[in-house]
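The following note reviews the model shown below.

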Amino acid sequence: SSLLSPPPTPPPAMATTGQVQAAFGSGEDVFSRAFDAAWAVLATEEPFSTMPEPEKKLLATQMMKQACRAQLDANLDAKQKRREGILNGYRDYAEKQGITWRANAAALKDRGMDVWEKELSDIHQEAAKRGVVVPSYYEVAGQGPLHSYAEGNCNWEAAFDAYDAFLLVHCHHFPSLSPQGCFDAIHADVNKRLLAHVPAAAGATTVLDLGAGSGTSTFAAYRAMQHLTGLRMVGVDLSPHFVAVARHRVATGSYPGLEFCYGDAQALEPLGFGAGSVDVVLISETTHEMPLAVIRRVFREAHRVLRPGGAIGWLDLNRDQILADNGVANLANRVAMDNEPYFDEFLQLDPVAELGAAGFVVQDAGYPETEQVKAGKVCSIRLVIATKQASGL
């Protein structure tokens, strides 16, 4: 297919989904079943009947989310219990897959909360000196509810959980591999395809990972790129708790040139990244947590900091698969539960078109080469690799 349009999606019946989509299945309450039934009738009427199916389902999701949120907010205790149930369901399933989620989180906690709090204070002081400002969208969903955590990404529970949560949501892509092996295989393929468009730098190579979280994808990228001349890789995230955990992992391993800092991917100047100062930008599985306007600003900022000829790699959920395989109540509940409060906006994102609008030239658009893709199934994640046009071209 053309790089200027989304890759074709195979029939929905061929899809394979992970634990997050399963957690928000429709039909789990009377309200959701009633809405899905009513929508099935309404969707056959004008003007809905002539709309493309994905557009129709997205519109229905946006119509339903406020009603879902009002229903859930009418009993906040029940809403919080459901969030806790979702998290514990993830943990239970992860441990059946051999991911020692609870033990790993406990080991980080056992390091001593006084130590963690001192490092958190240091990160806040660094940010204050740099003039880092927390954007309003993140105050709502980042410091506020996100991913079933009442305090979003800005708490120790989420930070200690993050690494294993990433392993869980990827493990269905390579059923024959361990969860860590699956994650590594996905990112090895993504990084190999990205590196094919990264020309050798004359001097040191600077790589930014925007929305790096606790560094799960950053460490995978580091392993793929550590051969690059004078590598400096910087993971940037708006959660100081995640940054603290990522720095701890750096300190307990051997990662020369790898660092993490607290900052906003929309505004990289306070972190010292001027125009044309970066060779590679990674944005891995973070844009589904952002409003569409923020995603566009992040893409433009990535274009600003990249040098001419530099490359960007984007990896996130496959909206075509999401819309094909999930009912309206499923999608609306995912937003209304504040699991991903901006998810309906993310589902409007055409990454190929938006990267092009930000000034990039798209070089590769498709799916990671997973076992499921090779078996002809729909992949629940997709990637786009693009470059900044070289000077004089």
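1. Helix 14. The buried residues of helix 14 are Val 328, Ala 329, Asn 330, Leu 331, Ala 332, Asn 333, Arg 334, Val 335 and Ala 336; buried means under 20% relative accessible area, exposed over 50%, and partly exposed in between (1.4 Å probe, protein chains only). Because 9 of the 9 residues of this helix (residues 328-336) are buried, helix 14 is largely enclosed by the rest of the structure. Helices (H or I, at least four residues) and strands (E, at least two) are DSSP runs, numbered from the N terminus. After helix 14 comes Asp 338, which has a positive phi near 65 degrees.

2. Basis of the model. This is a predicted model, in which local features need pLDDT of at least 70 and side-chain atom pairs count only at pLDDT 80 or more, while totals for chains, interfaces and linings use all residues. Residues are numbered from 1 along each chain as its sequence is written, and side-chain values use heavy atoms, with hydrogens and water left out.

3. An open sheet is formed by 7 strands in the order 3-2-1-4-5-7-6, with mixed pairing; two strands pair if DSSP finds at least two bridges between them. Strand 3 (258-262) and strand 6 (360-366) are the edge strands, each pairing on one side only. From one strand to the next, the twist averages 20 degrees. Axes are lines fitted to C-alpha atoms, for helices over the stretch in contact, and angles run from 0 to 180 degrees between N-to-C directions.

4. Strand 1 (residues 206-210) and strand 4 (residues 278-284) run parallel and are joined by 4 bridges; Val 207 has Val 280 of strand 4 as its bridge partner. Helix 11 (residues 240-251) packs on the sheet and touches strand 2 (232-237) and strand 3, and its direction makes about 165 degrees with that of strand 3. Contact means heavy atoms within 4.5 Å. Strands 2 and 3 are also parallel, with 5 bridges between them, and Val 234 stands opposite Glu 259 in strand 3. Strand 3 is mostly covered, as 4 of its 5 residues are buried.

5. The nonpolar core. Which residues have the most contacts inside the largest nonpolar core? They are Leu 208, Leu 210, Met 225, Val 281 and Ile 312, in a core of 121 residues. Such a core is a set of buried Ala, Val, Leu, Ile, Met, Phe, Trp, Tyr and Cys residues joined through side-chain atoms within 4.5 Å. Helix 8 (residues 156-170) gives the largest share of this core, 8 residues. Leaving aside neighbours within four places in sequence, the contacts of Met 225 include Leu 194, Val 207, Leu 231 and Val 280.

6. Leu 231. This residue is placed in the loop between helix 10 and strand 2. Leu 231 counts as buried because its relative accessibility is 11%. Leu 231 and Thr 205 are 26 residues apart along the chain, yet their C-alpha atoms are separated by 4.8 Å. Not counting residues up to four places away in sequence, Leu 231 touches Thr 205, Val 207, Tyr 222, Met 225, Gln 226, Pro 256 and Gly 257.

7. Ser 284 is found in strand 4 and is buried, with a relative accessible area of 8%. Beyond residues up to four places away in sequence, Ser 284 touches His 187, Asp 209, Leu 210, Gly 211, Ser 217 and Leu 315. Glu 285 lies in the loop between strand 4 and helix 12 (292-305). Glu 285 is likewise buried, with a relative accessible area of 8%, and has a positive phi near 55 degrees although it is a residue other than glycine.

8. Asp 325. This residue belongs to helix 13 (residues 319-325) and is partly exposed, with a relative accessible area of 27%. Asp 325 and Tyr 262 are 63 residues apart in sequence and 36 Å apart in space, C-alpha to C-alpha.
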